[in-house]
Each structure stands twice: as C-alpha cells, then as structure tokens.
Amino acid sequence: MKRISFLLLVLVLLLLGCTEEKANDGDWNLSPTFNVDNLTLHGTEGKFGVIKVNGESNEPEFPAKQGRLYAVYFLDSLEENGKKYKMTATHKKTGESVKLHEKNIEKEQNGAKFGFDKLGLWKIDVTIDEKPYTSFVVEAK
C-alpha cells in the first residue's frame, strides 16, 4: 500500500512539473495576427499592432539581419499622445534583450525603424512612460 501511495505521489509531482513547464513555454507561442482596416497586424488585438511598410512583398514580415520601416498602431485610445513608448525585444534561445525603438506617441499611427539580428522567436515588450503596456511574440526569418 505504501508503495502504491509513493508511486501516486511521484506521478502527481511529475504531472504538476509538466504543467508548470507548459505554462512557462506558453509565453513563447507565436502571437496571432489580426486585421484592422484591411491591414494584417502583429501585436495585441484591440490594443497595439505593427506592420511592415517597406521591403519586398515576398519577404518575411520580420526579416532577420535587416532593418525595416514599420507602421505602429495604438488601437485602444488616443489618451497616450505625447507619452514616450519603448519597444524592447528578447530572443527566445539566447535571452538577449535589445531596444528596438523609442519615441513619443504622436497619434494613433506612428513610424518605427527596427530589425532583428538573429533568426527565431522574439518577444516584444511595449512600455509607455516606463509602464508595461503589452507583449507579443514574432518570428524573424
């Protein structure tokens, strides 16, 4: 009986450990795109989005080792005008963090030039006046 109880305890602990690992991995799922005014945006639906505005039409949205110009959309309100926003990206495999762009918000659509130096998944964190605003995951190809 003690052996069965011990095995059940080990099984429960293993399952809990796997569940915790999956929860942490969930932060690195590629974020879904969404549409606004016939544009396909990357970001957080109803809040923030970016779209590439230059480069070749047949290239990835986030080409690795090349900078591009992006339109940046603040979708939830215009109350943020005049505040400073910053976009920081963290690479999944290396943990390296880089500042992508920092600027004052001028209107609901702004421009930003940035790029990724490595292939793979990048988590983009957006802050406004140093306060967390949103995060999403993209893939540099």
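**Note on the predicted model: sheet, loops and surface**

1. An open sheet of five strands has the order S1-S2-S3-S4-S7, and its pairing is antiparallel. Strands here are DSSP runs of E with at least two residues, numbered from the N terminus, and two strands count as paired if DSSP finds at least two bridges between them. Strand S1 (33-36) and strand S7 (109-114) form the edges, each pairing on one side only. From one strand to the next the twist averages 40°; axes are lines fitted to C-alpha atoms, and angles run from 0 to 180 degrees between N-to-C directions. In general, strands of a sheet pair through backbone hydrogen bonds, either parallel or antiparallel.

2. The model is predicted, so local features need pLDDT of at least 70 and side-chain atom pairs count only at pLDDT 80 or more, whereas totals for chains, interfaces and linings use all residues. Residues are numbered from 1 along each chain as its sequence is written, and side-chain values use heavy atoms, with hydrogens and water left out.

3. Within the sheet, strand S2 (residues 39-44) pairs with S3 in the antiparallel sense over three bridges. Thr-44 stands opposite Phe-48 in S3.

4. The chain as a whole contains one helix and nine strands, a helix being a DSSP run of H or I with at least four residues. From the N terminus on, the elements run α-β-β-β-β-β-β-β-β-β.

5. Phi of Lys-65 is positive, near 65°, and Lys-65 lies in the loop between strand S3 (48-52) and strand S4 (68-74). Because its relative accessibility is 67%, Lys-65 counts as exposed; the cut-offs are over 50% for exposed, under 20% for buried and in between for partly exposed (1.4 Å probe, protein chains only).

6. Asp-129 likewise has a positive phi, of about 50°, although it is not a glycine. Its place is in the loop between strand S8 (120-128) and strand S9 (131-140). Asp-129 counts as partly exposed because its relative accessibility is 39%.

7. Turning to the totals, 32% of the 141 residues of the chain count as buried. The chain exposes about 9,000 Å², of which carbon and sulfur atoms supply 53%; accessible areas come from the Shrake-Rupley method with a 1.4 Å probe.

8. Among contacts in the chain with a separation of 6 or more, 52% are between residues 24 or more positions apart. Contact here means heavy atoms within 4.5 Å.
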